[in-house]
Amino acid sequence: MRATRRLTATSTSLALAVAGLIIGTGSAAHAQSCSQAYLPLPDPTCQPGAYHPDLTQSTIDSTICVSGWTSTVRPSSSYTNALKVTQIAEYGYSDTSTADYEEDHFVPLELGGAPKSALNLWPEPRYGDTTASNKDTVENKLKKYVCNGTVTLNAARSAIAEDWTTALSSLGLS
């Protein structure tokens, strides 16, 4: 009897947590099956990317080009970890260990990606030839080029959203 109550309470808590996540992230229409066929990119129907609404070329000197700015907009790990669990299931990953994924911003915070949008966050595998850490290197280089005026914010955003693995070369950068 006690085990049944515990199981019922756990199941109810899990259902409420998932419902809260869907309501809290605005991803009810997003709760679907996402394809792994696009890896190392997210499925564009699930995560097309999203931008911070107040971040533009004219605001970069007071936002992304300020050291430490991303920490002021980065969502909490409790938020991203809950979303990661949901999205790992949506992608149907056989490996469900959350430690093997980075809940990554498709359009990075360094380029003014939307911090909490489920359309911009996805569980990027930490394993394989093109990993989350490889993408981090590209993001940091693009931020540097945007901040030093080599490339515009919109050009960098477009390149990384098109394909982060070719973003630098598509802009003639290395």
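1. Basis of the values. The model is predicted, so that local features need pLDDT of at least 70 and side-chain atom pairs count only at pLDDT 80 or more, while totals for chains, interfaces and linings use all residues. Residues are numbered from 1 along each chain as its sequence is written, and side-chain values use heavy atoms, with hydrogens and water left out.

2. Overall make-up. The protein chain has six helices and two strands, where helices (H or I, at least four residues) and strands (E, at least two) are DSSP runs numbered from the N terminus. Along the sequence these elements follow the pattern α-α-α-β-β-α-α-α. Of the 174 residues in the protein chain, 41% are buried; buried means under 20% relative accessible area, exposed over 50%, and partly exposed in between, with a 1.4 Å probe and protein chains only. The accessible surface of the protein chain comes to about 9,100 Å², and 55% of it belongs to carbon and sulfur atoms; these areas come from the Shrake-Rupley method with a 1.4 Å probe, and for residues only the protein chains shown count as cover. Among contacts between residues at least 6 apart in sequence, 68% join residues at least 24 apart, a contact being heavy atoms within 4.5 Å.

3. The nonpolar core. The largest nonpolar core has 29 residues, and those with the most contacts inside it are I64, L111, V138, L142, V146, L153 and I160. Such a core is a set of buried Ala, Val, Leu, Ile, Met, Phe, Trp, Tyr and Cys residues joined through side-chain atoms within 4.5 Å. Helices α2 (69–73), α3 (77–91), α4, α5 and α6 each supply at least two residues of this core. When residues up to four places away in sequence are not counted, L142 touches L111, A156, I160, A167, L168, L171 and L173.

4. Helix α5. In α5, which spans residues 153–163, the buried residues are L153, A156, R157, A159 and I160. They lie on the same side of α5 because they cover an arc of only 165° around the axis, the arc being that of the directions from the helix axis to the C-beta atoms. What covers these buried residues includes α4 (132–147) and α6 (167–170), whereas the face of α5 turned away from its buried side carries the exposed residues N154 and E162.

5. The strand pair. Strand β1 (residues 101–105) and β2 pair in the antiparallel sense over five bridges, pairing being assigned if DSSP finds at least two bridges between two strands. Within this pair, E103 stands opposite P123 in β2. Five of the five residues of β2 (residues 121–125) are buried, so this strand is largely enclosed by the rest of the structure. In a regular strand the side chains alternate between the two faces of the sheet. Both faces of β2 are covered, with L121, P123 and P125 buried on one side and W122 and E124 buried on the other.

6. The structure holds two disulfides, each defined as a pair of cysteine sulfur atoms within 2.5 Å, and with bonded cysteines counted along the chain they follow the pattern 1-2, 3-4. One of them is formed by C34 and C46, whose sulfur atoms are 2.1 Å apart. Both cysteines are in the loop between α1 and α2, twelve residues apart.

7. C65 is joined to C147 by a disulfide with an S to S distance of 2.0 Å. This pair links distant parts of the chain, since C65 is in the loop between α1 and α2 and C147 is in helix α4, 82 residues apart. With a torsion of about -95° about the S-S bond, the disulfide of C65 and C147 is left-handed. C65 counts as partly exposed at 24% relative accessibility, and C147 counts as partly exposed at 30%.

8. Other details of the α1–α2 loop. P40 lies in the loop between α1 (2–25) and α2, and a cis peptide bond with omega of about 15° joins L39 and P40. G68 is found in the loop between α1 and α2 and counts as partly exposed at 43% relative accessibility. G68 and E110 are 42 residues apart in sequence and 10.0 Å apart in space, C-alpha to C-alpha.
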